[in-house]
Amino acid sequence: MNISTTRKDFMIVNMGPHHPSMHGVLRLIVTLDGEDVIDCEPILGYLHRGMEKIAENRTIIQYLPYVTRWDYLATMFTEAITVNGPEQLGNIQVPKRASYIRVIMLELSRIASHLLWLGPFMADIGAQTPFFYIFRERELIYDLFEAATGMRMMHNFFRIGGVATDLPYGWVDKCYDFCDYFLTRIVEYQKLITRNPIFLERVEGVGVVDIKEVINWGLSGPMLRASGIQWDLRKVDNYECYEEFDWEVQWQKEGDSLARYLVRIGEMMESIKIIQQALEGIPGGPYENLEIRCFDREKEPEWNEFEYRFISKKPSPTFELPKQELYVRIEAPKGELGIFLIGDQNGFPWRWKIRPPGFINLQILPQLVKRMKLADIMTILGSIDIIMGEVDR
Amino acid sequence: MIIYLTEIQDIHFFFRLESFKEIYGIIWVFAPILILILGITISVLAIVWLEREISAGIQQRIGPEYTGPFGVLQALADGTKLLFKENLIPSRGDIRLFSIGPSISVISIIISYSVIPFGYNFVLSDLNIGVFLWIAISSIAPIGLLMSGYGSNNKYSFLGGLRAAAQSISYEIPLTLCVLSISLLSNSLSTVDIVDAQSKYGFWGWNLWRQPMGFIVFLISSLAECERLPFDLPEAEEELVAGYQTEYSGIKFGLFYVASYLNLFISSLFVTVLYFGGSNISIPYIFVSDFFEINQTYGVFVTIIGIFITLAKTYLFLFLSIATRWTLPRLRIDQLLNLGWKFLLPISLGNLLLTTSSQLFSL
């Protein structure tokens, strides 16, 4: 006698690229059994713009405005990595003042990025109000950026050997005021969010990644530190002048969405600490290494050739990238942002490989959402913190 | 037999008078209904405006400002826009189910208003089973949502419809048990009798003090019935785009929008009627009884005051619901169902048991 097995019809649902809560233009093909996720397949590439190929046809100075379009919420970091590579290849020294200014800008950018992670993350689990609060603080950071760089988001501020301009008069005081104000706001967030029982119920134990998995998947940033590994490139690599400041690496043991949230909240506090110390100790002196304008310049750049004689405004001269290869990395808000750079005795890089943290961190998503509820997809995706600009490049 | 002309005229006059009486009778049947619907509509517009202003206050922004004084006409402007918007119907959906869903939701909620005593003897129909009429009819609204979800031929809509049905079933039971406890205390299912029972002992006679646990359970369950945050899972845009509303546009979407606010308003009214003494004004240490003795003859005045008191209490709960919406995150579907079945149901059953026991011992 044949016993008929019950047939299960799974529901296949497209989440994105135009789902109202999707982070950018990511597409998830989700297989559901009722409310339970059976499978999830991410599909990328909707925001691919050929950023790596563009880099191979531009000088570093020409390419700088492009890089802020990778992670368009943490723009200073993309600029920093873009100038750090050539600086290390050409062994260019950065003046102390410029280094301090860079640190201040990077940490402000980290806070801005974490704020614009927090708002949508809370919206993903149904709390709309923090989204408005985070913009209140983010606007103040934008005001500081605008005063220093002339632009709110896409700054084009970092230069090889320093920064584009010095800080304007009164900027340091304004930044101090912001730091004092922002600490009170973080306390407000903690009251509103961290102790909320519904929030805790939604994020505790959701999207757990253990230490072994974190290392095997090559995750970085808050994803890594939330799983119990105290690894922060600001401490490990000591780039810029982070070793001169007193601050702690933020980490948690649990490896769930709550741990990732707590790490990011803690990082904002630490960023404020770093900024305050940098503002206190900012030295005088030049904000740019002017010597790099003079050495290692291309002898006869192709721009001087006959075909280009009608170009009204010639691009700024740049130096040759030595025939070497180099991997540079930086601790971006989302994780390890790296560039594998190959020079070819040319003004243009021969290869410019971007290692975006969001792209690497996103790989674990299908594994994390399996056997979870439909509502948990957005919670987990939000806790990973991706920006499709850098994922698709 | 000679019938004079004047007599014929008199007969015609009386006959016309009778027909006028019939017409007046018909008008008198429909007038209160129309007045009630008009009042409800104005209240919904007020609630929408309140929602926007309160949410703006909570979120530290401005809110509606330009459409009318303080932006009060914003809801009217939105309604007009929806009225003139193209009414799209999914090509492969079930057109009948798709079209009838919003209407069922709205009509079932509007009928519930008939048993609400807005003031002293100011109720459309004082039924013996007033509160149970509301509970019975409020069960119909999710059928409309389920029809909409199924008729849309959209996976997100379908999931939203299923969620609405599951949520409604889960939270109607604790709600009903709380109402049952109140009925036991008042010895009646009539909303008017429930209000009168609370009026006997003034402020401290309100069911809020006699049924504190029931009140909390009722409040949570009514929020879930209204599908308001943190229980708005059927239309959770972070998960289901817009749930059962995804494929709707124009006036049909407008009907869903109105239905949600009508439901919120009726729930707040029932909280007022069942737990806060309805139109009962008695507030401790504020002696207004003498003032009312003077004006007892003026029935209209008393009725207006009663309506004002009822609405004031109702809007207090509306404020609570709106503030809750913009403060708390959303529950997950399994957490929502667990809360309903494993937490609220046992509490409401225990509450009913305690109420029954106390009533038995007081006999």
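This is a predicted model: local features need pLDDT of at least 70, side-chain atom pairs count only at pLDDT 80 or more; totals for chains, interfaces and linings use all residues.
Buried here means under 20% relative accessible area, with a 1.4 Å probe and protein chains only.

Leaving aside residues up to four places away in sequence, Leu108(A) touches Ile141(A), Leu144(A), Phe145(A), Trp171(A), Cys175(A), Phe178(A) and Ile275(A), where contact means heavy atoms within 4.5 Å.

## Interface of chains A and B

Contact between the chains involves 32 residues of chain A and 26 residues of chain B. Together the chains bury about 2,600 Å², of which 59% is on carbon and sulfur atoms; this is the accessible area (1.4 Å probe) lost on putting the two parts together, summed over both. Met11(A), Glu35(A) and Ile198(A) supply 19% of the area that chain A buries against chain B, more than any other three residues.

The count between the chains is 1 salt bridge, that is, a side-chain nitrogen of Lys or Arg within 4 Å of a carboxyl oxygen of Asp or Glu. Asp376(A) forms a salt bridge with Arg332(B), with the closest N and O atoms 3.1 Å apart. On the side of chain A that touches chain B, strand E1 (11–15), H4, helix H5 (129–149), helix H7 (197–203) and helix H14 (374–384) each supply at least two residues. E1(A) gives the most, with 5 residues.

## Helix H14 of chain A

H14(A) is mostly covered, with 11 of its 11 residues buried. Among them are Leu374(A), Asp376(A), Met378(A), Gly382(A) and Ile384(A). Asp385(A), which follows H14(A), has a positive phi, near 70°.

## Basis of the values

Residues are numbered from 1 along each chain as its sequence is written, and chains are lettered from A and ligands numbered from 1 in the order in which they are written. Local features need pLDDT of at least 70 and side-chain atom pairs count only at pLDDT 80 or more, whereas totals for chains, interfaces and linings use all residues; side-chain values use heavy atoms, leaving out hydrogens and water.

Terms used:
Helices (H or I, at least four residues) and strands (E, at least two) are DSSP runs, numbered from the N terminus. Buried means under 20% relative accessible area, exposed over 50%, partly exposed in between (1.4 Å probe, protein chains only).
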